Each structure stands twice: as C-alpha cells, then as structure tokens.
Amino acid sequence: MSIPSTIYGLLVDDWSRCQHYHSELDIVALRCFACKRFYACFTCHNILESHRFEPWKETPNLFPVLCGACKHNLTRDQYQQTSNCPNCERPFNPNCRKHKSYYFA
C-alpha cells in the first residue's frame with residue numbers, strides 16, 4: 001500500500017525523531033485521524049496544527065503507524081503486537097505504550 005511518508009514535527013530527523021522524543025528507539029511516527037498526517041509525536045502535532053491530535057479509530061485495514069527507519073507502514077494491531085519493526089527489525093521505544101490513549105481510540 002502506498003502511503004505518503006512525510007513526517008511532520010519540530011526538528012524531525014530522517015528517522016522520525018523530534019525535539020520531544022529523540023532517543024535511538026524513538027523512530028515511530030503516528031498519523032492523526034483528523035488531518036491524516038504523520039507526526040513524530042502528538043506534542044509536535046498539537047503545536048503545529050490548528051486542531052488537537054485525534055486518536056486513530058479502530059480500522060483494521062488502514063496504516064496509522066510508520067517506522068521512521070525504513071518507512072514501513074503498520075496497522076494499529078501490527079504495531080501493538082510487536083516491539084520491533086516487522087520489516088527492518090529496528091526496536092521501537094517500549095515507553096511509547098504509555099501514550100497509547102493519545103494515538104488510538
């Protein structure tokens with residue numbers, strides 16, 4: 001599936017790390033349900049957009065998660081069932097699970 005892989009945010013690098021989250025593991029970008037743009041984090045989104053980050057609704061065949069390392073798209077379920085990218089095997093930050101309610105309804 002071809003999905004635009006532009007990742008928005010503040011001081012975003014090539015791997016989707018931003019000024020708020022920039023460890024080696026912070027490589028996941030998440031798409032806002034309202035504007036459909038990928039952002040490095042909900043904080044960047046809320047600073048740069050005129051609306052709040054809206055969590056992704058349960059939609060099994062859509063891809064609201066993007067690996068910043070290889071730009072592989074993941075469904076909500078794929079992302080929640082793994083700790084690494086299924087394509088490039090780079091590890092994801094386990095602390096991102098603390099923000100689940102921001103990203104998924």
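This briefing describes the strands, aromatic pairs and nonpolar core of one structure. The model is predicted. Its open sheet has 5 strands in the order β1-β3-β2-β4-β5, and the pairing is mixed. The largest nonpolar core comprises 25 residues, and a search of the whole structure finds 7 aromatic pairs.

**The sheet**

- At the edges of the sheet stand β1 and β5 (73–74), each with a single partner strand, so one side of each has no neighbour in the sheet.
- Strand β2 (residues 28–31) pairs with strand β4 (residues 65–67) in the antiparallel sense, over 3 bridges. Within this pairing, V28 stands opposite C67 in β4.
- β2 also pairs with strand β3 (residues 38–39), again in the antiparallel sense, over 2 bridges. Here the bridge partner of L30 is Y39 in β3.
- β4 and β5 are joined by antiparallel pairing over 2 bridges, and L66 stands opposite N73 in β5.

- β2 and β3 form a hairpin with 6 residues between them. In its turn, K36 has a positive phi of about 65 degrees.

**Aromatic pairs**

- A pair of aromatic rings is described by the distance of the centres and the angle of the planes.
- Of the 7 aromatic pairs, one is formed by Y8 and Y39, whose ring centres are 5.6 Å apart and whose planes meet at 35 degrees, so the pair is tilted. This pair links distant parts of the chain, with Y8 in strand β1 (residues 7–8) and Y39 in strand β3, 31 residues apart.
- Y8 is partly exposed, with a relative accessible area of 30%, whereas Y39 counts as buried at 2% relative accessibility.
- F33 and W56 form an edge-to-face pair, at 5.0 Å centre to centre and with 75 degrees between the planes. F33 belongs to the loop between β2 and β3 and W56 to the loop between α1 (42–48) and β4, so the pair ties together parts that are 23 residues apart in sequence.
- F33 counts as partly exposed at 23% relative accessibility; W56, at 1%, counts as buried.
- A cluster linked by ring pairs consists of F42, F53, Y102 and Y103.

**Charges over rings**

- K36, the residue with positive phi in the hairpin turn, lies over the face of F33, at 4.0 Å from the ring centre.
- The ring of Y8 has the charged end of R37 over it, 4.4 Å from its centre.

**The nonpolar core**

- Within the largest nonpolar core, the residues with the most contacts are L30, V65, Y79, F92, Y103 and F104.
- At least two residues of this core come from each of β2, β3, α1 and β4.
- Leaving aside residues up to four places away in sequence, F104 touches L30, P55, W56, P64, V65, R76, Y79 and Q80.

Key:
Residues are numbered from 1 along each chain as its sequence is written. This is a predicted model: local features need pLDDT of at least 70, side-chain atom pairs count only at pLDDT 80 or more; totals for chains, interfaces and linings use all residues. Side-chain values use heavy atoms; hydrogens and water are left out. Two strands pair if DSSP finds at least two bridges between them. Helices (H or I, at least four residues) and strands (E, at least two) are DSSP runs, numbered from the N terminus. Rings of Phe, Tyr and Trp (its six-membered ring) pair if their centres lie within 6.5 Å; planes under 30 degrees apart count as stacked, over 60 as edge-to-face and the rest as tilted. Buried means under 20% relative accessible area, exposed over 50%, partly exposed in between (1.4 Å probe, protein chains only). A charge sits over a ring if NZ of Lys or CZ of Arg is within 6 Å of the ring centre and within 35 degrees of the ring normal. A nonpolar core is a set of buried Ala, Val, Leu, Ile, Met, Phe, Trp, Tyr and Cys residues joined through side-chain atoms within 4.5 Å. Contact means heavy atoms within 4.5 Å.
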